[in-house]
Amino acid sequence: MAEENAEGPRELLAGWFAAQARSCAELGSPLYAAVLPHVAQDVRSGRYDVLLAPMERWRFGHALPLRLLGAAHALALRGDAPRLATAYPSCGGRCEPLPDARLLADELGQALSAHPVVTTDYLARAVQTNEPGRASALVLGLSALAEQVATVPDQSNSRVDDAETGIALVEIGCSAGLNLRLDRFGYADGSRAVGGDPDSIVQLSPDWHRHAPALHPWRVDARWGLDPHPIDPRDEAMALRLRSYLWPDQSERRERLDAAIEVSRTVPARLIQTDDTAADLPTLLATLTGQRPVLVFQSIVWQYIPVAARNAITHAIEDAGRRATVFAPLMRLSFEPDPLRGDRAAVQLRTWPGGSGPLLAHADLHGRWVEVLPEPVRFSDKS
């Protein structure tokens, strides 16, 4: 196992489940926060040894607790774990007041053991957490790019053709590509629209700390996503997989996901299966950068990618940035855990030509709140 632990693999894995319990408590899932400490005890006692064998294969970035929780939730959604479903609001159950967490952990373990095909499938696949709520922060980068393109002085002989000036979105670790449709969502501050499509069935109104942004209008006409296991959200089986990774006591996230899936049915995006994003990304960016404005973005994907591959992806984007112009800029937007505070995301922007950029915002990991930072995004013709 990559991470060495003197107390052995069981203790290491049990610690991951305990840490996930704390994250669920912070992110508004009292059900999982109550159950996961008992699952951690079961892992520590050896109850999960058979399901997780060989235990030395797991690393933290595999998000093992979320894989197991997703498998159990899928069984409940399919009707194959009826006793578990009675405590899952997503399946018509009730969790207020909270059920006996020890008994529920037993039900969860029994359901997983009784359906080894489903459990093995979920353990073998990366977690697909396609969270549309994060678009509330990601849209800040789209707005910044649209504003920069709109404010470049007109030099008709240098500007790219009008047909090519629509923004191209490229998402790393796109899953089902729901956030590739972020331009078709609506954004509001309570009842006041601040940008996007006011008629969209996806309306995002997070708690805007400090102030709500003034979003610049945009035009997106190309959407590309790269993922080792892209999901077609129009496939009902795949849509169920997306729902299974949500936490069953968070109805607002379920409603938002379902609405985003509906948007994806009418707004096309090209999702590319890749086993090596760092190798395939340069080919895609070579067809886009310097020809049109491009926004490359990611949200909570770094933890699933080995460090060497992260560096190679960053170098690929930097290399593409050398072809960017003030008329066809390239921006790289990341929504990843803040290294200074793991309970929030840091929303960082880099712009080419130049390669520099500001920290745009801090945000809740699921997009419940966004803090737009006071330092404004400033561009110059020489950037």
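Predicted model: local features only at pLDDT ≥ 70, side-chain atom pairs only at ≥ 80, totals over all residues.
Visitor: How many bridges join β9 to β10, and which way do the strands run?

Guide: Nine bridges join them, and the two strands run antiparallel. Strand β10 covers residues 341-352.

Visitor: What do β9 and β10 form together, and how many residues sit between them?

Guide: They form a hairpin, with two residues between the strands.

Visitor: What about β8? Is its pairing with β9 parallel or antiparallel?

Guide: Parallel, over six bridges. Strand β8 spans residues 294-299.

Visitor: Which residue in β9 stands opposite F297?

Guide: That is L333.

Visitor: How does the chain get from β8 to β9?

Guide: It passes through helix α12, residues 307-321. This β-α-β crossover is right-handed.

Visitor: Why is β9 described as largely enclosed by the rest of the structure?

Guide: Because eight of its nine residues are buried. Strand β9 is residues 330-338.

Visitor: And side chains in a strand, where do they point?

Guide: In a regular strand they alternate between the two faces of the sheet.

Visitor: New topic. Where is P132?

Guide: P132 is in the loop between α7 (116-124) and α8 (135-151).

Visitor: Is P132 buried or exposed?

Guide: Buried. Its relative accessible area is 1%, and buried means under 20%.

Visitor: What does P132 touch, leaving out residues up to four places away in sequence?

Guide: Its contacts are L178, N179, F185, L204, R256, L257 and A260.

Visitor: How far is P132 from A259?

Guide: They are 127 residues apart in sequence. In space, C-alpha to C-alpha, P132 and A259 are 9.3 Å apart.

Visitor: Take C91. Which cysteine has the closest sulfur to its own?

Guide: C95 does, at 11 Å. That is too far for a bond, because a disulfide needs the two sulfur atoms within 2.5 Å.

Visitor: And from the side of C95, which sulfur is closest?

Guide: The one in C91, again 11 Å away and too far for a bond.

Visitor: What are the relative accessible areas of C91 and C95?

Guide: C91 has 26% and is partly exposed. C95 has 10% and counts as buried.

Terms used:
Residues numbered from 1 in each chain as written. Heavy atoms only, no water. Buried < 20%, exposed > 50% of the residue type's maximum accessible area, 1.4 Å probe, protein only. Helix = DSSP H or I, 4+ residues; strand = E, 2+ residues; numbered from the N terminus. Pairing = 2+ DSSP bridges. Right-handed = clockwise from strand over helix to strand, strands pointing away. Contact = heavy atoms within 4.5 Å.
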